[in-house]
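Dear colleague,

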Amino acid sequence: MPIHEFKCTECGKEFDELIMPGKEATADCPDCGAKDCEKLLSCGNVRPNGIPSGMGGYREPCKGCSGGSCS
Ligand SMILES: [Zn+2]
């Protein structure tokens with residue numbers, strides 16, 4: 001399920017929001033109603049330092065090429 005984590009920039013509330021494919025990943029804070037909630041990285045996303053969380057979206061570096069991006 002495409003669940004994204006958000007953190008409210010107003011009150012700091014962290015919450016999950018189901019974002020349908022094709023829709024913009026935005027959410028309103030359920031506590032204070034702020035609209036510019038910050039999207040957090042969650043399971044399945046690559047972390048800022050480039051190390052994957054291991055929950056998907058990551059493949060072992062390809063042994064057949066140097067780039068690691070071939071299929
Ligand atoms: Zn809030």
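**Strand pairing**

Lys7 stands opposite Glu38 in E3, where a strand is a DSSP run of E with at least two residues, numbered from the N terminus. The model is a predicted one: local features need pLDDT of at least 70, side-chain atom pairs count only at pLDDT 80 or more, and totals for chains, interfaces and linings use all residues. Residue numbers start from 1 along each chain, as its sequence is written.

E1 and E3 run antiparallel and are joined by three bridges; two strands are taken to pair if DSSP finds at least two bridges between them. Lys7 also has a bridge partner in E2, namely Glu14.

Strand E1 (residues 3-7) and strand E2 (residues 14-18) are likewise antiparallel, with five bridges joining them. Within this pairing, Glu17 of E2 is the bridge partner of His4, and Asp16 of E2 stands opposite Glu5. The hairpin of E1 and E2 has six residues between the strands, and Gly12 takes a positive phi near 85° there.

Taken together, the three strands form an open sheet in the order E2-E1-E3, with antiparallel pairing. E2 and strand E3 (38-40) are the edge strands, each pairing on one side only. On average, neighbouring strands of this sheet are turned by 40° against each other, direction ignored; the axes are lines fitted to C-alpha atoms, and angles run from 0 to 180 degrees between N-to-C directions. In general, strands of a sheet pair through backbone hydrogen bonds, either parallel or antiparallel.

With kind regards

Notes:
Helix = DSSP H or I, 4+ residues; strand = E, 2+ residues; numbered from the N terminus.
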